[in-house]
Amino acid sequence: MKRLTAFFTALMLGAAMTVSTACSDKKDDKVVLEGSSIVYKDPESGARPVLSINNSEGRPGETVEVKVFLEGCENKWAMCGVHFAYPMVLECRLTSADERFADYKPGEAVSQMSAFTSADNRTEAMEKNEQYSLFFCAASSSDNGGDGEIATFYFTIPEDAAVGTVYPLEFFEHEGDMFLDTASDVNLQHYAFTNWKNGTITVV
């Protein structure tokens with residue numbers, strides 16, 4: 001997973017050469033330090049980004065669409081790299097089984113972005129929890145990321161799934177993940193990563 005995440009992080013940085021990611025140089029005027037703790041402020045752009053995953057339903061053996069949305073940040077973001085976890089009994093549709101590239105349909109929120117890709121991968125902790133994760137990223141050289149649907153992914157419910165089973169789809173922050181504008185406002189990322197809304201797949 002580390003190799004894949006590093007690859008996609010490099011892809012995002014390469015696609016957004018004018019985006020300054022030297023956040024450490026800008027933290028002094030963007031956050032408040034109280035002792036050893038960082039107190040984040042509201043994003044300078046006025047954006048209030050909320051990432052969300054829809055709640056889907058499907059029958060045993062059926063492939064359902066899982067959509068990731070963004071609101072509150074129209075034309076105020078330039079780069080994202082985000083993970084969400086899902087139970088390993090769900091089968092994510094892949095375009096490459098070797099590298100575990102996830103199949104997806106990009107949405108209107110990333111229609112002006114210069115790069116978008118996603119991968120299905122796993123952390124060591126997830127092996128213990130019988131989970132996989134899906135990582136997706138988008139990048140641009142300007143703040144032209146939109147609101148609305150970011151992408152649609154496809155998951156197949158197990159044939160033997162019991163009606164009423166609810167599978168959680170949960171965002172989590174992994175090393176290297178980001179949500180930034182061209183000003184590299186770390187407050188924007190903090191807001192996005194503390195206000196996201198998880199989704200579910202329910203067997204009907």
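Rings of Phe, Tyr and Trp (its six-membered ring) pair if their centres lie within 6.5 Å; planes under 30 degrees apart count as stacked, over 60 as edge-to-face and the rest as tilted. The model is predicted: local features need pLDDT of at least 70, and side-chain atom pairs count only at pLDDT 80 or more, while totals for chains, interfaces and linings use all residues. Residues are numbered from 1 along each chain as its sequence is written, and side-chain values use heavy atoms, with hydrogens and water left out.

**Exercise 1. Aromatic pairs**

Task: Find how many aromatic pairs the whole structure holds, and classify the pair Y86 and Y132.

Solution: 
- Step 1. The search of the whole structure gives nine aromatic pairs.
- Step 2. Take Y86 and Y132: their ring centres are 6.3 Å apart and their planes meet at 25°, so this pair is stacked.
- Step 3. Y86 belongs to strand β6 (residues 79–87) and Y132 to strand β12 (residues 131–139), 46 residues apart, so the pair links distant parts of the chain. Helices (H or I, at least four residues) and strands (E, at least two) are DSSP runs, numbered from the N terminus.
- Step 4. Widen the view. Ring pairs join F84, Y86, Y132, F136, F153, F155, F171, F193 and W196 into a cluster.
- Step 5. Check the cover on Y86. Its relative accessible area is 0%, so Y86 is buried. The classes are buried under 20% relative accessible area, exposed over 50%, and partly exposed in between (1.4 Å probe, protein chains only).

**Exercise 2. Charges over rings**

Task: Which rings have the charged end of R93 or R122 over them?

Solution: 
- Step 1. Apply the rule: NZ of Lys or CZ of Arg must be within 6 Å of the ring centre and within 35 degrees of the ring normal.
- Step 2. The charged end of R93 sits over the ring of Y154, 4.2 Å from its centre.
- Step 3. R122 lies over the face of Y132, at 4.6 Å from the ring centre.

**Exercise 3. Cysteines**

Task: How many disulfides does a search of the whole structure find?

Solution: 
- Step 1. Recall the bond. A disulfide is a covalent bond between the sulfur atoms of two cysteines.
- Step 2. Set the cut-off: the two sulfur atoms must be within 2.5 Å.
- Step 3. The search finds zero disulfides.
- Step 4. Look at burial. C137 is buried at 2% relative accessible area, and C92 is buried at 5%.

**Exercise 4. The nonpolar core**

Task: Which residues of the largest nonpolar core touch the most other members?

Solution: 
- Step 1. Define the core: a set of buried Ala, Val, Leu, Ile, Met, Phe, Trp, Tyr and Cys residues joined through side-chain atoms within 4.5 Å.
- Step 2. The largest core has 40 residues, and W77, F84, F136, I150 and F155 touch the most other members.
- Step 3. Trace the suppliers. At least two core residues come from each of β3 (50–53), β5 (63–71), β6, β12, β13 (148–156), β14 (166–172), α4 (186–194) and β16 (199–203).
- Step 4. Follow F155. Beyond its neighbours within four places in sequence, its contacts (heavy atoms within 4.5 Å) include V64, F84, Y86, C92, L134 and I201.
- Step 5. In soluble globular proteins, nonpolar side chains tend to be buried together.

**Exercise 5. Backbone and loops**

Solution: 
- Step 1. Most residues other than glycine have a negative phi.
- Step 2. N75 has a positive phi near 55°. N75 lies in the loop between β5 and β6, and is partly exposed at 45%.
- Step 3. E130 has a positive phi of about 55°. E130 lies in the loop between α3 (124–129) and β12, and is exposed at 54%.
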